[in-house]
Amino acid sequence: MKEKISASLLRLIVESLSDVPEATGALVGLKEELYLELPKDSRFGDLATNIALRLAKPLKRSPPELAQDLAEKIKIRLQKSNLGLYVKEVKAAGGFVNFSLREEYFYKHLLGVVRNGKGALRMDFGCGRKVLLEFVSANPTGPLSVAHARQAAVGDALARVLFFLGFKVRKEYYLNDEGNQIDILGRSVELRLRELEGKEVDFPDDHYQGDYIYEIARTIKDKGRRVGDFKLYAVGHILKVIREELRDFGVHFDCWYSQKSLRKSGRIKKTLHLLERRGLLYRQEGALWFKSTQFGDDKDRVVVKSDGSYTYLAPDIAYHREKYRRGFMWLINLWGPDHHGYINRLKAAVQALGEKADSLSVIIVQLATIFRAGQQVLMSTRRGQYITMREVLDEVGRDAARFFFVMRRTDSHLDFDLEIAKKKNSDNPVYYVQYAHARICSILANSPAGRSAKEADFSLLKEAEELALIRKLWELSYVLEVCLKTADPYMLTVYLQELAETFHKFYDRHRVLGQGKELTSARLALISATRTVIATGLDLLGISAPEKM
RNA sequence: GCGCCUGUAGCUCAAUUGGAUAGAGCACUUGCCUACGGAGCAAGUUGUUGCAGGUUCAAUUCCUGCCAGGCGCACCA
């Protein structure tokens, strides 16, 4: 893993400002926000910085003039540095400082991918920091829904991206295996069982209505009711279904953390004692309250009800304390939109435990609306009539489902059309990307065995489409950096579509095979690197890269 | 009533978290198959960023008010 050229350039820019005393102070405040970005338009070069715009005010300078000055200073320093070998041009434009890189730089990057494959694409942002990603965590009271499917797709992709960027990632499913909802589940099964036995029952509205309750009841009936505790049996049954669904979706959890075991370990009690010692609990109207307002919540929250039982918050505080205790420095929770009111509460809890508020990132995964040929498929959880993750998976397949669920920003609504996801043409972005991969594999299979691609002469790649493709391959690291900054893998789906498009354009205009030994060899290396990048990107989304379709 | 989120092209969505002329896909129109996979490629059209103010070198982005839609407001989880 090498340092990115943008990081080296950034250091050089900061050095260029060292003789401006006011700048140093101003830079300190901006430290986290300084970075080189891919410019909006290719005519602005390959990398750009808005540092002059940011510094114009504190330095009391006009932005274009400051950018111009800065560009000059950078040029001088570049000449003395070996970075100069790779920078073609430094130009100020409207307050931005733009950098153009030489072809040699891109050829070098290409060579790295050809030689080291996937390894050349990895970067170390995480430095081995431990991250705990908690997602899905659906109550084991029914099959997983479409909402959980999206959380699973996003969470798993994010985990893969963070791992690729050098973080130590663990994926965890918090299991609410006791409490109110589980009690209701047990009663629901029992009532359905009596119904099956021909008795008259009154089935309450707030009980679980789905057909799967009948199925569980039926298996209990078949076993002559000899299954032990109905509640436990039902949870076990549903949990098995959930695990199978996730497995078929390609999502594996490192740990299933049971709330029941948390309580039995006494950690909830211990955590409450800790809060009490810190003077953050008080008794009122028979209940025990947590002073969450002290940490920015809008009202205090009950942790122990007047009947002596815990609210959901109590085990959750203990659970998060447990996460820190296990050495995780960054906790990421993916929640459904109905939980957003809960964010402040948990952030308050985290601070009460003595941790920083921003060590916990809560990502709200918006709901997906399922369409079939433009017609919305209505869902109602209460009636138990809803599209399950299983149905989507069975209908469109794992690859399409995973791509579609990540295709939009995680915090925005998503329309998922089952018909489009099943199509096998360019309407369907998954197939468009996978097709590019299969096409490359097909060319490589037809290529004659010859000299190694590693010795190819890349300087023969001079056509606009070739250079565009080489540059696009290089962009991956910047896309992954954005994924990290936004804690959202969706940008990767956009990038893969662009990469596939860039490849298809190249393919349409230039032949790879039969172009003479040297050129063919260089182009084979180029498409082989393209294949590596597409396969890597798809893998980060948990999607297969087929050689034939 | 209080709080949070959303409002961008006919449709679905972007805009690197305050930056350059607001961009893609779909749809629509017209072209390209004697070549490595046409499951592909090329060209063309689309905007008062819900409305009205404000903050500044710069606002789709931040602030205030209104309009419309969604969600939340438990000693449920």
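Which element gives the most to the surface near RNA strand B? Helix α17 does, with 8 residues. The legends below describe close-up views of a predicted model, in which local features need pLDDT of at least 70, side-chain atom pairs count only at pLDDT 80 or more, and totals for chains, interfaces and linings use all residues. Residues are numbered from 1 along each chain as its sequence is written, while chains are lettered from A and ligands numbered from 1 in the order in which they are written.

**Figure 1. Overview of chain A.** Chain A has 20 helices and 14 strands; helices (H or I, at least four residues) and strands (E, at least two) are DSSP runs, numbered from the N terminus. The C-alpha trace spans about 85 × 60 × 40 Å along its principal axes. Of the 549 residues, 39% count as buried. Buried means that 20 or more other C-beta atoms, placed from the backbone, lie within 10 Å of the residue's own; with 12 or fewer a residue is exposed, and in between it is partly exposed. Among contacts between residues at least 6 apart in sequence, 73% join residues at least 24 apart. A contact requires C-beta atoms, placed from the backbone, to lie within 7 Å.

**Figure 2. The surface near RNA strand B.** RNA strand B is surrounded by 68 residues, and the closest are Leu53, Glu285, Gly341, Ser426 and Ser442. A residue is near the strand if its C-beta atom, placed from the backbone, lies within 6 Å of it. Elements that give two or more residues to this surface include α3 (51-59), β3 (96-101), α7 (180-196) and α17 (429-446). By class, the surface has 25 nonpolar, 24 polar and 19 charged residues. Ala, Val, Leu, Ile, Met, Phe, Trp, Tyr, Cys and Pro count as nonpolar, Asp, Glu, Lys and Arg as charged, and the others, Gly among them, as polar.

**Figure 3. The antiparallel sheet β7-β8-β9.** These 3 strands form an open sheet in that order. The edge strands, β7 (281-284) and β9 (301-304), each pair on one side only. The twist averages 45° from one strand to the next, taken between lines fitted to C-alpha atoms, with angles running from 0 to 180 degrees between N-to-C directions. Strands pair if DSSP finds at least two bridges between them; 4 bridges join β7 to β8 (residues 287-290), and 3 join β8 to β9. β7 and β8 form a hairpin with 2 residues between them, and Glu285 in the turn has a positive phi of about 50°. Leu281 has Phe290 as its bridge partner, Tyr282 stands opposite Trp289, and the partner of Trp289 in β9 is Val302.

**Figure 4. Strand β10 and its parallel neighbours.** Strand β10 (residues 330-335) is largely enclosed by the rest of the structure, because 5 of its 6 residues are buried. It is joined by 4 bridges to β4 (residues 130-134) and by 5 bridges to β11 (residues 360-364), running parallel to β4 and to β11. Leu133 has Ile332 as its bridge partner in β10, and Leu331 has Leu360 in β11. β10, helix α13 (residues 343-352) and β11 make a right-handed β-α-β unit: with the strands pointing away from the viewer, the path from the first strand over the helix to the second runs clockwise.

**Figure 5. The surroundings of Arg402.** Arg402 lies in helix α15 (residues 398-406) and is buried, with 29 other C-beta atoms within 10 Å. Not counting residues up to four places away in sequence, Arg402 touches Ala153, Leu541, Gly542 and Ile543. Arg402 and Gly542 are 140 residues apart in sequence but 7.3 Å apart in space, C-alpha to C-alpha.

Note on methods. Two residues are in contact if their C-beta atoms, placed from the backbone, lie within 7 Å.
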